[in-house]
Amino acid sequence: MGRMLLDVVEEHLDEASWHWLQRERALCAPDFDLTETAGVEERLLSHVDGLVEAGPDVVEGFLSPALAPDDPCRAAVAALALLEGGEAGWALLLEKGLGDPELRPLLRAPLSLAACPALDLRLGALLRTDVPELLAEVVGTLSARGALSSEVVARLLQHEDARVRGSALEGALAASGQELRTTLSRMLSAKSSVPGASLIEAGLVHGLREAWVACERAVEARESEALVLWALGGGEKDVVRLVALLDLEPLRAQVLWALGFSGRVEAADACLAWMEDPQMAALAGEAFCAITGLRLEAAFILPRTGASEASESFEEEDLDADLTPRPEDDLPMPRGGAVAAWWKTARADFAPGQRYLRGHLMDAAVLLEGLALEPMRRRHVLARELALRTRGACRVQTRARVGQQRAMLQRVASSRVQVRLQSPLAQALG
């Protein structure tokens, strides 16, 4: 391979690694939508294609060395290029990647994103492994790809290893069958502990009343991951219980996040009250706008803190604090007084007892529009609601390739599956 081609391949690998990171951030960003994410993904895949087209010499010289846990983005891109490159790439990935306990968790995303048609069969063959860590990753990947049968999921839900059972719960969200309902019902009825949110969600998708009872137990136990499920499925009184949890400082951020998906007027009122709190204002504004449709711009936002002020603030804060950027750091800061003045007039247009998304009365069309247009970080929860309200019949994988997501949305829009959104979820359970 000539020097010029080496430089080109190296550039493809570097650029692809950068765009992989940007895509991962976009998937959870409050200021990226599906169209903007498609642009990032297109640039990523063009560089991956460049690696594949460079030929087999690239595997030995670049992709194999890149499969190392010290650079997760580079490892993910290398794995994706190997998968897209054919049988030799899969053999290398199987030997060097899936066999490495440190590298293995980094491969689920590229394995889920890969478009090679034989991958599900290749992964399915690994379900016979007796290594629990590997089995858990394989099950999780096949679950993300919607490629596990209900019989396999039901069997794996009874596996002795908790990691395998956890991955199987992801598969239960996309599989159907009476054997799954029976297994999930038994798991939910266990009195030894409060069920986790994944088990509760799987039970709700399968229409089990025990799942809603378990969700209430989880909310009472202050399990933060259950709060969104409670907000999605509850009625007015259930939202009031969520609002009361705002008094608990450790749960406050998660409660505000959940309230934004409840769609209730009472939740908007509660969010408004926290817009003067510097720590919670951005999250409160995001949730309020998700319900009411107000756009936080112009007179409704505060100017961003300047660099010098940020530096002074940094010096005053705990230097041991986690400074890793969070998605909510990119949210605008609402001007509480201006928002309150707008709400004083606009609130009359919102009826108690109803659910709203961006100021529109929630129905199937509004939910699908939200899945097409909402910020990326909110779409994951909206997709969960779609699955819950259709008993798993309609699913949108919000981390799949954008083209696949749009095809999923089109299939849902053209289907005749009824999406019941107005009544509390508990009333629709068997």
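1. H47 sits in helix 2, residues 34–53. Helices here are DSSP runs of H or I with at least four residues, strands are runs of E with at least two, and both are numbered from the N terminus. This is a predicted model: local features need pLDDT of at least 70, side-chain atom pairs count only at pLDDT 80 or more, and totals for chains, interfaces and linings use all residues. Residues are numbered from 1 along each chain as its sequence is written, and side-chain values use heavy atoms, with hydrogens and water left out.

2. Is H47 buried or exposed? H47 counts as buried, at 15% relative accessibility. Buried means under 20% relative accessible area, exposed over 50%, and partly exposed in between (1.4 Å probe, protein chains only). The H47 side chain makes a polar contact with the side chain of H12, at 3.1 Å. A polar contact is a pair of N or O atoms within 3.5 Å; within protein, one must be able to donate a hydrogen and the other to accept it, and residues adjacent in sequence count only if both atoms are side-chain atoms. Beyond neighbours within four places in sequence, H47 is in contact with H12, E15, A16 and H19. Contact means heavy atoms within 4.5 Å.

3. E15, one of those partners of H47, belongs to helix 1 (residues 3–26). E15 is partly exposed, with a relative accessible area of 30%. Take E15 and L184 for a distance check: they are 169 residues apart in sequence and 44 Å apart in space, C-alpha to C-alpha.

4. T292 is in helix 18, residues 281–292. T292 is buried at 5% relative accessibility. Which residues does T292 touch, not counting those up to four places away in sequence? They are A268, W342, W343, F350, R358 and G359.

5. R358 is in the loop between strand 1 (356–357) and strand 2 (360–361). Its phi is positive, about 55 degrees, although R358 is not a glycine. Most residues other than glycine have a negative phi. R358 is partly exposed, with a relative accessible area of 27%.

6. R391 also goes on the phi list. Its phi is near 55 degrees, a positive value in a residue other than glycine. R391 lies in the loop between helix 22 (376–389) and helix 23 (402–414). At 42% relative accessibility, R391 counts as partly exposed.

7. L98 is in the loop between helix 5 (87–97) and helix 6 (108–113). L98 is buried, with a relative accessible area of 5%. Leaving aside neighbours within four places in sequence, L98 is in contact with W90, L93, R104, L107, L111, L126 and L134. L98 and C73 are 25 residues apart along the chain, and their C-alpha atoms are separated by 16 Å.

8. Now the whole chain. There are 23 helices and 2 strands. The radius of gyration is 23 Å, close to the 22 Å that the globule rule gives for 430 residues, so the chain is as compact as a globular protein of that length. That radius is taken over C-alpha atoms, and the rule is 2.2 Å times the number of residues to the power 0.38. Buried residues make up 48% of the 430 residues. Of the contacts with a separation of 6 or more, 67% join residues 24 or more positions apart.
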